[in-house]
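Good morning, and thank you for coming.

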Amino acid sequence: MTWLHFIGNQYYTINAFIKKAEKIGVSRKINIKRLKNMNWGDIIYLFQGDSEGSTLFGFFKLDCILRNYQIK
């Protein structure tokens, strides 16, 4: 299955996101309900939008899941 993921331009420019992804990989938070519908190897396409439309600038494959534990 394929998925679309939008990267907000208030957080990253496309070039900044690519540079960081090349350095440390891509890590995204995801809702557990959506995660249940995902499978290993699914492709996630990366988009960024503006007032003119959206730009597809990359993709990655789902290959691991990490759980973020918060210590209180």
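**The pocket and the sheet**

By class, 13 nonpolar, four polar and six charged residues make up the lining of the largest pocket. Here Ala, Val, Leu, Ile, Met, Phe, Trp, Tyr, Cys and Pro count as nonpolar, Asp, Glu, Lys and Arg as charged, and the others, Gly among them, as polar.

Please note that this is a predicted model, in which local features need pLDDT of at least 70 and side-chain atom pairs count only at pLDDT 80 or more, while totals for chains, interfaces and linings use all residues. Residues are numbered from 1 along each chain as its sequence is written, and side-chain values use heavy atoms, without hydrogens and water.

The largest pocket holds about 850 Å³ of space. A pocket is an open set of points, on a 1 Å grid over the protein atoms alone, where a 1.4 Å probe fits, with protein on both sides within 12 Å along at least five of seven lines; lining residues have an atom within 4 Å of a point. The volume is the space filled by probe spheres set on the points, which are joined across faces, edges and corners.

Strand 1 (2–6), helix 2 (32–35) and strand 3 (53–61) each give the lining at least two residues; helices (H or I, at least four residues) and strands (E, at least two) are DSSP runs, numbered from the N terminus.

Turning to the sheet, three strands form an open one in the order 1-2-3, with mixed pairing; two strands pair if DSSP finds at least two bridges between them. Strand 1 and strand 3 each have a single partner strand, so one side of each lacks a neighbour in the sheet. Strand 2 (residues 43–50) pairs with strand 3 in the antiparallel sense over eight bridges, and Gly 49 stands opposite Ser 54 in strand 3.
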